[in-house]
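Open the model in your viewer and keep the selection panel at hand. This tour goes stop by stop: what to select, then what is there.

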Amino acid sequence: MSTTRVVVILLFCAAMIAASFGIGLWSKKKATTAQAYFGGTAMFGPLAVGLSSMAGVASAFALVGVPGLIYATGNAMTFWMLGSSAFAASYIILGKKMRAMAEVADISSLGDVCDVRFNKNRLIKALMSIIITLGCVGYLAAQISAGTALISNLINIPPIVAGLIIFGLLTAYTALSGEVGGLLSQAFQGAIMVIAGVVLIIAFFAVTGGFGNVLNAVGAASSVVGANGVEKQLGPDFLNAWGTQPGGISLTWMLIPLLGCVGQPQVLTRMYAVKNPLDLPKTGLVSGITHAIVSFLCVAMGYGALYLVATGNIDPLANSDDAIYAFVNHCGLWAQLLAYAAILAAALSSASMFLTSSSTLLSKDLPSALGIKIDPSKQIHVSRVFMIVLGIVSIVVSVFSSELVGLLGTFGWGTLVSGTFPVFIVGLLWDRCNSAGVIAGLAYAVVFNILPLVTGFAYPSALPGYFITCAIAVALTVVVSLVTPKQKLNAASKAVLDL
Amino acid sequence: MNIQTKKTPIFVLIALLWIVCIVLGTIGHYVIGLVLCVPLIGLHLILGFAKKGVVSKKVLIYPLAIWAVLYAVAFILCGYYADAFAGVMPSFTVFGLHPSFAPVIFIYWIGGLLTIALGYYLLRDEWLSQKDWDEFCQEAKKIKEGK
């Protein structure tokens, strides 16, 4: 890439980071209470909540990994990407109950909701915090790793320098303004992603001439060998509904993102950030439509790269994760500019989201579950320090330990579903759900999320392990709740569950 | 429809459907598994739409029944056309898309998403009205003061 292009792209990215930093600093004055700092509780309208939820869900993995997977294995991944637009369904299922919790108690974290529903059961809170922290830290490390690689590939600077500049600034403004700054800067970053999405989708149609040309090019060639010696297998089945993956993968990649959208912390916590729950249907439209644009962008980039390879415009990719870069590099400067900004925006928004979530869990919910009391007047200060330490450690680990990032990266969407469904979905929708059931479901989820990494355990199935873990965790929660004595609901929980 | 007393059977069914889906996915019957995901997701939506244990008939018809039919049809068409054109170029396309993939875009994604999101917005009072929320806030205030 020419020096001028690199400079223009870097300036654009720097302006975006500076604007995010400015929004974070401005938001500091609003983050005066624990509810505001940790949860942004009952503070925002549908546009801010909708855009920030979308930006939190559409991570750097979506913009880089999804086109890469579509390029590598065809359409199975589209089920995941398109299904995760299910914000309206998520709000229908749990929106009013999560928001109602903030009326019956002082709610600033998921742990607070857990306390109200399960009478401050410390074991439930600890198990839930462990699982969600694993998922959040994994996501955080992956975002930092992706954002750092993006910039250090553009200019020849050590990744640690790029990481400390970009994510150091992010850590600083997030620590200062908490969830308030996090949410507003995510909304801004979400808007960047949507603008980039619209333009790049138009570029896809302009370059390829539409889906029919892609199907004809990909279906007609059984394989392509480039001048770089890389071979790409194609063929008529490549762009059918399942792609080259077994059909069970499509089943998993439809159900887990769609139903699992309601189990993501970036969606759950935003439900009580909304000022008026009557705005949630509008929020569902905002987040659903904006996520649909970003989702379609990801699909179009995968299709675009396939078309360019199948028609011989570019060599087959040695690394499928380069699919989006290959397509925008073919389009020219403006496409590169928007794509790099969108990827960086996705990394920043998800990173700030998971930074606040994991530091709240580690500095507030987990200590309280372990019986460690922190003076409420010092809680914000403690969490601020904790967030800075966690941010710096995450940057260093992400840059210097690719093995650990890979390991943490396995704790993703499915891990979070297995940790939140027993507590929030079963717990807030079913009055018969009791502590014993939730403990059984969560304990299973903790063990079977960690066991595969420690022992190499695998279920006797071609399905991804997280799908099976989620299913069994939910089933255990239901069965154990039924065979153990019914618990009387406290007045707050009863009012919320009846709403 | 009053589901207040039916929540336990609904959750037993949800647990069963999760397990059946992983069994079907494991033994290769993924299209049936996909179709069974429709009641699995739909039961969550019914529970979420319920107000004081009651789901309005309007909501059950639109958006829920329409959404369920769209999803089931989309998955069946995906399976049918993927098998019909296995290993060969399809004899027709839908706006340029493979006939097994077009249902994913037009029915599962656009149709399903719009049905749920618009239905939720249009029938939002059936989910939570201002009156319901005001009454709840009064009750919540008493609960908080009671503490």
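In which helix is Pro63(B) found? Select helix H3 of chain B, residues 57-84: Pro63(B) is there. Helices (H or I, at least four residues) and strands (E, at least two) are DSSP runs, numbered from the N terminus.

A word on the model before moving on. This is a predicted model, in which local features need pLDDT of at least 70 and side-chain atom pairs count only at pLDDT 80 or more, while totals for chains, interfaces and linings use all residues. Residues are numbered from 1 along each chain as its sequence is written, and chains are lettered from A and ligands numbered from 1 in the order in which they are written.

**Stop 1**

The peptide bond from Tyr62(B) to Pro63(B) is cis, with omega near 15°. Most peptide bonds are trans, and most residues other than glycine have a negative phi.

Now select Lys52(B). Lys52(B) is in the loop between helix H2 (30-49) and H3 of chain B. Its phi is positive, about 50°, although Lys52(B) is not a glycine. Is Lys52(B) buried or exposed? Lys52(B) is exposed, because 10 other C-beta atoms lie within 10 Å. The cut-offs: 20 or more other C-beta atoms within 10 Å is buried, 12 or fewer is exposed, and in between is partly exposed, with C-beta atoms placed from the backbone.

Jump to Ala42(A). Look in the loop between helix H2 (34-39) and helix H3 (46-57) of chain A. Ala42(A) is not a glycine, yet has a positive phi of about 55°. Ala42(A) has 17 other C-beta atoms within 10 Å, so Ala42(A) is partly exposed.

**Stop 2: chain B as a whole**

Select chain B. Chain B has six helices and zero strands. Its C-alpha atoms fill a box of roughly 70 × 35 × 25 Å along the principal axes. The radius of gyration is 20 Å, whereas a compact globule of 147 residues would have one near 15 Å. That radius is taken over C-alpha atoms, and the globule rule is 2.2 Å times the number of residues to the power 0.38. Buried residues make up 44% of the 147 residues in chain B.

**Stop 3: chain A as a whole**

Select chain A. Chain A has 21 helices and two strands. Its radius of gyration is 22 Å, close to the 23 Å that the globule rule gives for 499 residues, so chain A is as compact as a globular protein of that length. The box for its C-alpha atoms is roughly 70 × 50 × 45 Å along the principal axes. Of the 499 residues of chain A, 65% count as buried.

**Stop 4: two buried sites in chain A**

Go to Leu317(A), in the loop between helix H13 (280-310) and helix H14 (323-331) of chain A. Leu317(A) is buried because 22 other C-beta atoms lie within 10 Å. Which residues does Leu317(A) contact, leaving aside neighbours within four places in sequence? Show Tyr71(A), Val230(A), Ala305(A), Asp322(A), Ala323(A) and Ala326(A). Contact here means C-beta atoms, placed from the backbone, within 7 Å.

Next, Ser359(A) in helix H15 (residues 333-369) of chain A. Ser359(A) has 29 C-beta neighbours inside 10 Å, so Ser359(A) counts as buried. Beyond neighbours within four places in sequence, Ser359(A) contacts Ser383(A), Phe386(A), Met387(A) and Leu390(A).

**Stop 5: where the chains meet**

Show both chains. The contact takes 62 residues from chain A and 55 residues from chain B. On the side of chain A that touches chain B, elements giving two or more residues include helix H6 (87-104), helix H18 (413-429) and helix H20 (465-483) of chain A. The residues of that side divide into 41 nonpolar, 14 polar and seven charged. Here Ala, Val, Leu, Ile, Met, Phe, Trp, Tyr, Cys and Pro count as nonpolar, Asp, Glu, Lys and Arg as charged, and the others, Gly among them, as polar.

Finish on H20(A) and helix H1 (residues 7-26) of chain B. Their axes are 9 Å apart and the packing angle is about 155°. Axes are lines fitted to C-alpha atoms, for helices over the stretch in contact, and angles run from 0 to 180 degrees between N-to-C directions. H20(A) and H1(B) are therefore roughly antiparallel; the cut-offs are under 35 degrees for roughly parallel, over 145 for roughly antiparallel, 65 to 115 for roughly perpendicular, and oblique for the rest. Color the residues that meet, among them Phe467(A) and Val474(A) in H20(A), and Phe11(B) and Trp18(B) in H1(B). The residues of this helix contact divide into 15 nonpolar, no polar and no charged.
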